[in-house]
Amino acid sequence: MAGGFGIAAGDYKQYNGGITFFLLLSCLVAAMGGFIFGYDIGVSGGVTSMEAFLEKFFPGVQSRMKEDTRISNYCKFDSQLLTLFTSSLYLAGLVTSFFASWITDVFGRKPSMLAGGSAFLAGAALNGAAFNIYMLILGRIFLGIGVGFTNQAVPLYLSELALPKHRGAISNGFQFSLGIGFFAANIVNYGTEKITGGWGWRVSLALAAVPASALTLGAIFLPETPNSFIQRSDDHEKARRMLQKIRGTNDVQSELEDLIEASDASKKIKNPYKNILRRKYRPQLVMSVAIPFFQIMTGINVVGFYAPILFRTIGLGESASLLSSVITGVVGSGTTFIAMVVVDRVGRRFLLLLGGVLMFFPQILVGGIMAVKLGDQGGLSKEYSYVVLALISVYIAGFGVSWGPLGWLIPSEIFPMEIRSAGQSVTVAVNFLFTFVVGQTFLSMLCHFKAGLFFFFGGWAAVMTVFVYFLLPETKNIPIEQMDGIWREHWFWKRFVGGDNNNKKVMIKMDEI
């Protein structure tokens with residue numbers, strides 16, 4: 001069966017070294033970019049369910065929620081202006097990602113992280129001090145610029161610093177940090193909602209400045225990756241010294257030679273965006289579009305944005321809905337940590353297939369419960385509300401072990417150096433584009449589709465699982481600079497890239513997923 005093809009890493013060259021304190025500290029600072037992203041997703045969803053925030057910026061939504069007893073449960077929060085507050089960040093990130101690609105390529109990964117941290121600081125200040133909707137959305141745009149830079153640079157940075165045998169765990173630190181940021185935002189929202197005087201939302205929004213400061217200050221002292229050193233200069237000795245420091249060993253000649261060879265090939269490419277369209281890079285191009293598209297079509301971002309609103313839709317109160325978001329945040333962070341631990345042992349494909357199953361069934365069951373038990377008025381009984389909360393937690397667990405971390409890991413490890421920044425910018429841009437589209441339309445879709453919205457996202461979970469089974473080869477433990485071999489031996493992609501085995505030997509195991 002074609003879908004059973006897996007690529008074994010046994011014949012690929014492995015490099016010397018281990019996990020050093022210097023490496024961990026560098027990755028910890030860089031991963032703050034993921035923390036801020038997660039914090040922003042969580043905090044925006046929380047404040048949009050706070051009555052004081054709605055009364056100040058979205059009074060029409062607040063009056064519908066409290067006074068209009070005739071309006072459907074599914075339509076109380078349907079407001080394009082409200083969704084623009086959330087989704088404007090991703091539109092700004094979409095535009096920024098293409099500039100960030102050039103900066104990351106020409107000046108390195110570190111300057112992109114500095115630029116991202118500075119933009120986050122400006123956005124947090126504007127949002128925390130906002131006195132009208134224009135100031136609020138301007139702050140979101142600055143946050144979007146920050147996300148555009150960090151989501152371009154941080155996954156590349158983590159992937160390039162890590163050894164192949166540890167790359168899954170270290171690169172998944174981005175999504176784990178995102179999950180921790182989301183959880184922290186829900187804790188903050190739960191606390192600030194109880195502040196008397198109606199200004200708790202300002203605290204929630206302004207506290208984004210804390211991790212933004214950590215990223216900005218930390219990035220000043222971060223080392224640049226050896227890949228970037230070699231790509232931007234001919235000082236190979238500087239790259240050697242950095243490799244030795246990161247790896248904790250002097251024996252780095254083999255890895256250095258591979259980096260130099262890859263860099264020499266990349267310097268022959270004048271236009272990486274034009275180059276990525278070549279037939280030989282068709283697998284990477286497809287994955288750079290399909291993986292972020294599927295990651296968004298899991299529906300996770302709308303659950304993240306609007307979880308408190310969703311829980312209020314099924315009848316929970318303001319405080320209970322925020323507490324429910326805290327619970328789902330714990331589940332997401334915990335399962336992402338599990339993925340970090342096991343991804344380099346069980347592989348990417350297994351986790352994606354498992355996650356697809358864990359996301360599909362809860363979505364279908366939640367849709368069924370809401371279709372049968374939740375009408376246009378009233379709410380679910382307490383028992384069914386808890387069942388929905390449990391099912392959404394299972395769904396988030398499925399995402400946490402699969403498409404959450406691997407949606408960022410796999411694109412960061414499959415591109416050769418000559419198209420790496422271009423490929424990553426396509427990945428980030430597609431992610432932002434569909435996050436914006438889904439985020440901007442979600443509340444309208446909830447109003448019109450009602451419970452059918454969960455069947456919609458459940459259907460996409462089935463589609464992406466089939467895609468992974470047939471078209472995504474295994475990438476665990478394979479050095480980035482040798483990754484092209486997996487496509488040449490794949491049953492489908494070899495027709496685009498050729499089946500030459502002279503340079504890269506790959507083992508095909510019929511019984512390995």
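This report describes a pocket, a cavity and a helix of a predicted model.

Residues are numbered from 1 along each chain as its sequence is written. Local features need pLDDT of at least 70 and side-chain atom pairs pLDDT 80 or more, while totals for chains, interfaces and linings use all residues.

On a 1 Å grid over the protein atoms alone, a cavity is a set of points where a 1.4 Å probe fits but cannot get out, whereas a pocket is an open set with protein on both sides within 12 Å along at least five of seven lines; lining residues have an atom within 4 Å of a point. A volume is the space filled by probe spheres set on the points, which are joined across faces, edges and corners. The structure holds six cavities of 30 Å³ or more.

| Space | Volume | Lining by class |
|---|---|---|
| Second largest pocket | about 450 Å³ | 16 nonpolar, three polar, two charged |
| Second largest cavity | about 130 Å³ | eight nonpolar, two polar, five charged |

Of the 21 residues lining the second largest pocket, Leu 24, Ala 169, Ile 170, Gly 173 and Met 340 are the closest to its centre. Helices H1, H2, H8, H9 and H18 each supply at least two residues of this lining.

The second largest cavity has 15 lining residues, with Tyr 15, Glu 160, Ala 162, Asn 227 and Glu 255 nearest its centre. Helices H7, H12, H13 and H14 (253–267) each give two or more residues to that lining.

How values were computed. Side-chain values use heavy atoms; hydrogens and water are left out. Helices (H or I, at least four residues) and strands (E, at least two) are DSSP runs, numbered from the N terminus. Ala, Val, Leu, Ile, Met, Phe, Trp, Tyr, Cys and Pro count as nonpolar, Asp, Glu, Lys and Arg as charged, and the others, Gly among them, as polar.
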